[in-house]
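Thanks, everyone. Let me put the model on the screen and walk you through it.

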Amino acid sequence: MRHLYTILQEYQDKKEKRILTVLKGPHAGEKAFFAGDGLLWERTGQGFFTEHREEAGAIRAEGQQELAGETVFCDCLGEAKKLVICGAGHVGVALLRMALLLGFDVTVLEDRPYFADGARRAGARRVICDTFETGLAEVPGDGDTFFVVMTRGHRYDLICLEKILGKSYAYLGMMGSRGRSALVKKKLLEQGFPAGQVEELHAPIGLSIHAETPEEIAVSILGEIISAKNGEKKNSSFSEEQLELLGDGTDTQAKVLCTIVARRGSAPRSVGTKMLVLEDGTVSGTIGGGCVEAGVKEKARWLMQDKEKRQELISVSMTACDAEEEGMVCGGVIEVLLEKC
């Protein structure tokens, strides 16, 4: 049978993906991957999800659900977040570097070869060195694409905006002064773009933090993008690194995937957040840090050594008493599913 995480890599850009896992009941540990209504993969076992295919396929909400008298966790997988930067000047390169740290799939468009090379040196995986009009024709927008326009002049800004406004996108922002932003918006309205769409343009771009340096401006822009991204409550769930580690068939060391499946109170991370613990001590991702995360890592190492168990569901308390004793600033309780991979 093909490996689940290899299939996930192939379906990264597909909509309505979700993994269903039986947490409690006679079929605890049974697992399936759905895209749309279709069952694409099921862990060999007693065929729980095959037997209840129609009801399972209808589960679309993130979190714990009841299915045929058993508790099932639905992990809704969002698409990879894509950032498209039009312009590779000093701020563009600073934004590129920071966005890569946050796990964005970054594309840079630049019509000047010297600046395009600078973006490549900064780590961009895809750089389109062409006119902005031609370059944007190669970029298919969607509900998980964030566009940032920061060219060297409002003439080029307009070219970019005219192309982007005809696409689907999660966010569109333009760097510039208030005067430049007002001028660009006025011209877009004169060209017949809907007033509501023009008003949603984030221009001037970024949060108001009195940023001055390219790096500070990049922080303000990413802060605004993060706010827009997380406001949608769309969970991307697996990082690219986690999928690569899980799908690497040549790596035989034990791995345990730790997923938050429920939370109460002011726990720092949301349901669906994942941390991957490897036998050699490597960790990919975080479920909140501090002593709580350290305790989950220890449980994961014990599970690796247990030859009988395949998964374990644990409850971790971060109540006010525990938080105060450990010097933590948040409270609450999280349930974490530990799974051998």
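Start at Lys82. Lys82 counts as buried, at 17% relative accessibility. Buried here means under 20% relative accessible area, exposed means over 50%, and partly exposed is in between, with a 1.4 Å probe and protein chains only. Before I go on: this is a predicted model, where local features need pLDDT of at least 70, side-chain atom pairs count only at pLDDT 80 or more, and totals for chains, interfaces and linings use all residues. Residues are numbered from 1 along each chain as its sequence is written, and side-chain values use heavy atoms, with hydrogens and water left out.

So what does Lys82 pair with? Lys82 forms a salt bridge with Asp142, and the closest N and O atoms are 3.2 Å apart. A salt bridge is a side-chain nitrogen of Lys or Arg within 4 Å of a carboxyl oxygen of Asp or Glu. Lys82 sits in strand β6 and Asp142 in the loop between α6 and β9, so the pair ties together parts that are 60 residues apart in sequence. Helices (H or I, at least four residues) and strands (E, at least two) are DSSP runs, numbered from the N terminus.

The whole structure has 16 salt bridges. Two others, briefly. Glu110 and Arg112 meet through their side chains at 2.8 Å, N to O. Glu110 is buried, with a relative accessible area of 0%, whereas Arg112 is partly exposed at 23%. Then Arg120 and Asp117, at 2.7 Å, N to O. Both lie in helix α5, three residues apart, about one turn of the helix. An α-helix has 3.6 residues a turn, so residues three or four places apart point the same way. Arg120 is partly exposed at 40% relative accessible area, and Asp117 is partly exposed at 35%.

The largest nonpolar core has 26 residues. A nonpolar core is a set of buried Ala, Val, Leu, Ile, Met, Phe, Trp, Tyr and Cys residues joined through side-chain atoms within 4.5 Å. Leu83, Leu95, Val108 and Val148 have the most contacts inside this core. Two or more residues each come from β6, α4 (90-101), β7 (105-110), α5 (113-121), β9 and α10. Helix α4 gives the most, six residues.

Take Val148. Leaving aside neighbours within four places in sequence, its contacts include Leu83, Ile85, Leu95, Tyr171 and Ile225. Contact means heavy atoms within 4.5 Å. Apart from this core lies another, of 23 residues, among them Val84, Met174, Val184 and Ala203.

Next, helix α7, residues 154-164. Which of its residues are buried? Tyr156, Asp157, Leu158, Cys160, Leu161 and Ile164. Their cover includes β6 (82-86), α6 (132-137), β9 (145-149), β10 (171-174) and α8 (178-190).

Ile209 is in the loop between α9 (195-199) and α10 (214-231). Ile209 is partly exposed, at 42% relative accessible area.

Finally, the overall picture. The protein has 13 helices and 15 strands. Of its 341 residues, 47% count as buried. The C-alpha trace spans about 65 × 50 × 40 Å along its principal axes. Among contacts between residues at least 6 apart in sequence, 56% join residues at least 24 apart. For residues 83-225, the end C-alpha atoms lie 9 Å apart, and the span is 48% helix and 16% strand.

That's my tour. Over to you.
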